[in-house]
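Here are some exercises to work through with the model open beside you. Try each task before you read its solution.

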Amino acid sequence: MALNWFRFAAPSAFYPLAGRAIPIFWWLTVIPLVIGLVWGFFMTPDQLGGTNAQKEYYRIIFIHVPTAWMSMWLYVVMAGWAAVGLVFKTRLSFMMANAIAPTGAVFTFLALWTGAFWGRPSWGTYWDWDPRLTAELILFFLYIGYIALHSAIDDTRRADRAAALLAIVGLVMVPVIFWSVNCPDPNQCAALHQRSDLTRMEGNILFSMLTITFAFWMYSFATTLMRLRSLILERESAAGASWVETTLGKEGAS
Amino acid sequence: MFRVFWCILHRDLTLALRRRTDVLTTLFFFIIVVSLFPLGVGTEKETLQTLGPGVVWVAALLASMLALERLFAADYEDGTLEQMLLAAQPLSLVVLAKITAHWLLTGLPLVLIAPLAGMQYHLTGESILVMMGALLVGTPVLSLIGAIGAALTLGVRGGGILLSLLILPLYVPVLVYGSGAVEISRIDFSATGPYFALLASFLLVALTFAPLASSAALKISLE
């Protein structure tokens, strides 16, 4: 049996599939999120560290680290779909990249926002021009640039491809952000931000953090697919595809 | 292959020198921005020495970015760009020639005028030398990266503002290490080596990939 890899590359075929997948992803979001938050609030120590203790406020980690991870990961995924779109010229890949961008931007903003509120009690400042903070801010600008370029060009085809190219060019910044904190010699780079080391974390904290990361990941799937479905409908009906009306008619009737 | 490079370079330089105001506007923009800062932040020698490298670099960034709009716009309007796309020679070579011309007209004058800006900010002779060197390595990177943005926003409404939004975040590494080199030269002249090495590596990477990316962007914009 020959597998048809491109079957779901057709927006009309993917639309119902996405519709069925969205509730699953919402459940996969809500359940781990509740578990992770409850575990994070009640099963973890109240205080961390020795001389410079992190008190209750270290729990920001449960939002901060997952959002920061997702902000970088979603950019990679977005650029990946953009590249697939440029190579195979599939409309759906561009729509996918398009649908990911707002979620990624929101996660980036949240990472910066929660970081500021964590920085205030522990470093005594909301913002510092530390390499990682700055790099995350640049990532936020990259998302905004992608969205702005796409919305500035009226011709959807050109907008898709131009924004895709921009996303791929911006990809050079992601490794910079990822490694900006773990520079080889800590004396060489003045970074306020802690070095990340999962192995040194307390087990309960690590568990809640990873659970919430999973929840946020599934949340990205859910929101992206929802946005994707609207994009499919919008573009396909603008292109005059007849299946849109029949599908919507069926959904309305049931 | 190289004939087409020289041909385009020669043509762009000739065209620009027939309309000198365009080149001079960029230069004067740079000078004005640099001269405005001391009026805003006060004229104490210490403040100026600290601010100087950063201000000069930011001004260079803005000047180079403002000039970017012209990189492809005129050729796009009169249809020359489409002919270049159809030519048998690789488009990235044509683009590289145009970028080189652009740098010679906007980047190089900034490098040459930089000592003047350095003196305005009471920088020492050594620092000025480092600043010129850093600008010499750094401004081509600005032109190269900027060309991608210029190609992407070709003929788009509100292109100028959009261009800054797309390109300025990508300029950040150059800004950081460019002004970092000048900053560090005030403390230890011999410590500037790594900064130059990084700037040069940015230049090499940009030189390799930017012409390809901008020619891809041009093809997207013109189809």
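**Exercise 1.** How many residues does helix α7 of chain A have, and how far does it reach from its first C-alpha to its last?

Residues are numbered from 1 along each chain as its sequence is written, while chains are lettered from A and ligands numbered from 1 in the order in which they are written. This is a predicted model, in which local features need pLDDT of at least 70, side-chain atom pairs count only at pLDDT 80 or more, and totals for chains, interfaces and linings use all residues.

*Solution.* Start with the element: helices (H or I, at least four residues) and strands (E, at least two) are DSSP runs, numbered from the N terminus. Helix α7(A) covers residues 203-238, which is 36 residues. Next, the expected span is 1.5 Å times one less than the number of residues. For α7(A) the expected value is 52 Å, and the helix reaches 52 Å. Just after α7(A), A:Gly240 takes a positive phi of about 80°.

**Exercise 2.** Apply the check to helix α1 of chain A, then look for a bend.

*Solution.* Helix α1(A) takes in residues 11-42, so its 32 residues should span 46 Å at 1.5 Å a residue. Its end C-alpha atoms are 45 Å apart, which agrees. Now the bend, defined as the angle between axes fitted to the seven residues ending at a residue and the seven starting there. α1(A) bends by about 30° at A:Ala21, and the proline A:Pro23 follows within four residues. For burial, call a residue buried if 20 or more other C-beta atoms (placed from the backbone) lie within 10 Å of its own, exposed if 12 or fewer, and partly exposed in between. The buried residues of α1(A) include A:Phe14, A:Ala18, A:Phe25 and A:Gly36.

**Exercise 3.** Which residue ranges does UniProt list for "transmembrane region" in chain A?

*Solution.* The unreviewed entry lists 21-42, 62-88, 100-119, 131-149, 161-181 and 205-225. These positions are given in the numbering used here, feature names are shortened, and annotations may be inferred rather than shown by experiment. Take two of the ranges in the model. Residues 21-42 of chain A are 100% helix and 0% strand, with end C-alpha atoms 32 Å apart. Residues 131-149 of chain A are also 100% helix and 0% strand, and there the end C-alpha atoms are 26 Å apart.

**Exercise 4.** Is A:Lys89 buried or exposed? Treat B:His122 likewise.

*Solution.* A:Lys89 lies in the loop between α2 (61-88) and α3 (91-123) of chain A. Although not a glycine, A:Lys89 has a positive phi of about 55°. It has 12 C-beta neighbours inside 10 Å, so A:Lys89 counts as exposed. B:His122 sits in the loop between α5 (91-120) and α6 (125-152) of chain B, and has a positive phi of about 55° without being a glycine. With 16 C-beta neighbours inside 10 Å, B:His122 counts as partly exposed.

**Exercise 5.** Which element gives the most to the side of chain A that touches chain B?

*Solution.* Contact requires C-beta atoms, placed from the backbone, within 7 Å. On that basis, 15 residues of chain A are in contact with 15 residues of chain B. The elements of chain A giving two or more residues to this side are α4 (131-152) and α5 (156-170). α4(A) gives the most, with eight residues. The model scores ipTM 0.83 and pTM 0.86.

Technical notes
Two residues are in contact if their C-beta atoms, placed from the backbone, lie within 7 Å.
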